[in-house]
Amino acid sequence: MENNSVISIQNLVKRFPVGGDFFTALKDVNLTLSKGEFTGLIGPSGSGKTTLLNIIGGLDAPSEGQVSVLGKSLDNTSHTERARLRRKYMGFIFQSYNLLPVYTVFENVELPLILNKVEPHERESKVKQAVEWVGLSDKINSRPAMLSGGECQRTAIARAIVHEPALILADEPTANLDAENSHHIMKILAQLNNEISSSFVFATHDEKIMGYLRRILNLEDGKIVKDENIDAPEFGA
Amino acid sequence: MLFKIAIKNLLGARLRTFLNVLVTAFSFFLILFMSAMYNGMLEHAKQVTMDTEIAGGAYWHPKYDPLDPMAFEDAHSVLPDEIQSLVDQKKAFPVLVSQAFIYPGGRIMPAIMKGIPAEQNIVNMPTEVLFARDDIAIPVLIGKGMASDTKLNVGDSFTIRWLDVNRTYDADEGTVVHIMDTENFKLDMGHIWVPLEKAQIMMAMEDEATYVTYEKGLPTVQDKGNWIPRDINYLVQDMEAIIEADKPGAQIMYMILLALAAMGIFNAQVLSIFRRGKEIGTLMALGMSRPRVVALFTLEGGLNAMLAAMATLIFFGPVLWYFGTYGIPLPLDYTEMGLIVAKRLIPVYTIGLIFSTTILVSIIVLIVSYIPSRRIARMKPTDALRGKAVA
């Protein structure tokens, strides 16, 4: 299990300064995620889902505890090393898509490949494949402003998976979408999980997502209160 | 890699890039134009001085000091042979300088009276109006400034009193035959110009002169007696000294313009970069390191400057060319203020000015791109992703 682990967290505590005091967002979190998992961090607003996701992604640093992602300890790594880890092995999906507005779908999806210095001809084929996965081939030259919310999120997914990272972190990926689009997005993600064997971690409180997850971690007040494995998800791919 | 992304960002952000480039190009234009105007003003002053006063140079009587009117009394003699030969060949003309008093409208005014040959065409002065006329005792040419000071018009007569070579005061009536519109205040303010032959008779200094001005391109004569050759470099040295003395002023003006341009560019760049906080957060989340984010935005600034240089050429080049060719009419006559300023000011664009301005503006753009991007790249990626304002 340890050798197969993608994320290993021990005694994680995260505090934020609030005024002259500190607010503890995560309290003594222990967690291990294995390769290929399709996991959801579930909980109400303020329960610490996004904070945990950010720490796993190396976007934020823990106040206490040990965090190891893809075999690399994040405790003593520099910003540059964490950036390299994200660039090579992670993909991010954000609630508000975070697409670069001046880029086309192709260019947005291409960006992680450029950052990873992939050769141009290889980039083109990978981008086209990723865009095809999410069903946006006909919009490949459109800019985000010309896309619907669902299409924007599918572009963000293509961007997250184009370099086939080991770990994909999604923060409320369906929060801005209607039910139909939410299911569409989740189906794509579940299918990708099977095809490219990346591990997925979602931070969400969207009920619609639950039926796709194979593991659900319930957070309340910064603590994991329930860790549930689901052998046969309702909408399993 | 960064270059590719920077190019994409610039080309992709059409309106933002256009506005940034336009602001920078306008700054380029303003600095170039204002500095060129200043250069043009100085160059014009020098050119007018040469055109109307200095020509190719002069030979001065050894006692002549243009800054000491008291010296005029003794600063005259017959010309040395070779210099006289130049005059005979119409390659030079003599001028006799003396002090005088004039009485326009009953008021007494000191004046510098200069006798100049009416037929000379070596300097750009309308001396042909001084050809002798039977109905006028002393034909007088004055400048617009002098006419304004003395309230004299063409045809007005006034008394001229002078001290001749025998130290005897004499007086006669002068009549304004022409009021010249010259940009060289040194020919105008306090000056009255009379025909040389007349001046020589009035002063009892037949065939004598104070200095001789010769045409451009002539070598210095061998037999110049004790007369002193004054070349162009010497004669414009006062003007150059004024220009030199004014250099700190010009530099301050240049710095002010540069500072104004920098503020404009800084505002545009800061607004553009701080608005892109979320984009920076996204780039960080995708794995771009902080130094690379800073390098990317600084590079964008550099490319922005390059585009601005091209935009200046395209958008403002024709304007600069037009003014450089046809000049700009000035609403005021500065001659009365003792300034040699053209009525149409023609900007002069030197290679040095263009080069230094391009380098300086580019450096400013790089700095004002680097500072805010460094600051925003220091933010926590999570804050940048939320588009949190930079403190």
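Tutor: Happy to! Let's begin with a bridge: A:Ser68 has A:Ser73, in β5(A), as its bridge partner. Keep in mind that this is a predicted model.

Student: Which strand pairs with β5(A), and over how many bridges?

Tutor: That's strand β4 of chain A, residues 64–69. The two strands pair in the antiparallel sense over two bridges.

Student: And what strand order does the sheet have?

Tutor: The order is β2-β1-β4-β5 in chain A, an open sheet of four strands with antiparallel pairing. At the edges stand β2 (21–34) and β5 (72–73). Each of those has a single partner strand, so one side of each is left without a neighbour in the sheet.

Student: Nice. Switching to chain B: how many helices and strands does the chain have?

Tutor: Chain B comes to 12 helices and 13 strands. The chain has 391 residues, and 39% of them are buried. Looking at its contacts with a separation of 6 or more, 81% are between residues 24 or more positions apart.

Student: I see two helices side by side there, α2 and α8. What is the angle between them?

Tutor: About 175°, with the axes 9 Å apart. Here α2(B) covers residues 14–54 and α8(B) covers residues 237–274. Because of that angle, α2(B) is roughly antiparallel to α8(B).

Student: What classes of residue make up that contact?

Tutor: The contact of α2(B) with α8(B) has 18 nonpolar residues, along with eight polar and two charged ones.

Student: Now a loop residue. Where does B:Pro219 lie, and is it buried or exposed?

Tutor: You'll find B:Pro219 in the loop between β10 (211–214) and β11 (228–231) of chain B. It counts as exposed because it has 9 C-beta neighbours inside 10 Å, and the cut-off for exposed is 12 or fewer.

Student: How far is B:Pro219 from B:Gly57?

Tutor: Their C-alpha atoms are separated by 9.7 Å, while the two residues are 162 residues apart along the chain.

Student: Last topic, the two chains together. How many residues are in contact between them?

Tutor: On the chain B side there are 21 residues, in contact with 20 residues of chain A. The chain B elements that give two or more residues to that side are α1 (2–12), α9 (277–285) and α12 (381–385).

Student: And how do the residues on that side of chain B divide by class?

Tutor: Nine are nonpolar, six are polar and six are charged.

Conventions
Residues are numbered from 1 along each chain as its sequence is written. Chains are lettered from A and ligands numbered from 1 in the order in which they are written. This is a predicted model: local features need pLDDT of at least 70, side-chain atom pairs count only at pLDDT 80 or more; totals for chains, interfaces and linings use all residues. A residue is buried if 20 or more other C-beta atoms lie within 10 Å of its own, exposed if 12 or fewer, and partly exposed in between; C-beta atoms are placed from the backbone. Two strands pair if DSSP finds at least two bridges between them. Two residues are in contact if their C-beta atoms, placed from the backbone, lie within 7 Å. Axes are lines fitted to C-alpha atoms, for helices over the stretch in contact, and angles run from 0 to 180 degrees between N-to-C directions. Angles under 35 degrees count as roughly parallel, over 145 as roughly antiparallel, 65 to 115 as roughly perpendicular and the rest as oblique. Ala, Val, Leu, Ile, Met, Phe, Trp, Tyr, Cys and Pro count as nonpolar, Asp, Glu, Lys and Arg as charged, and the others, Gly among them, as polar.
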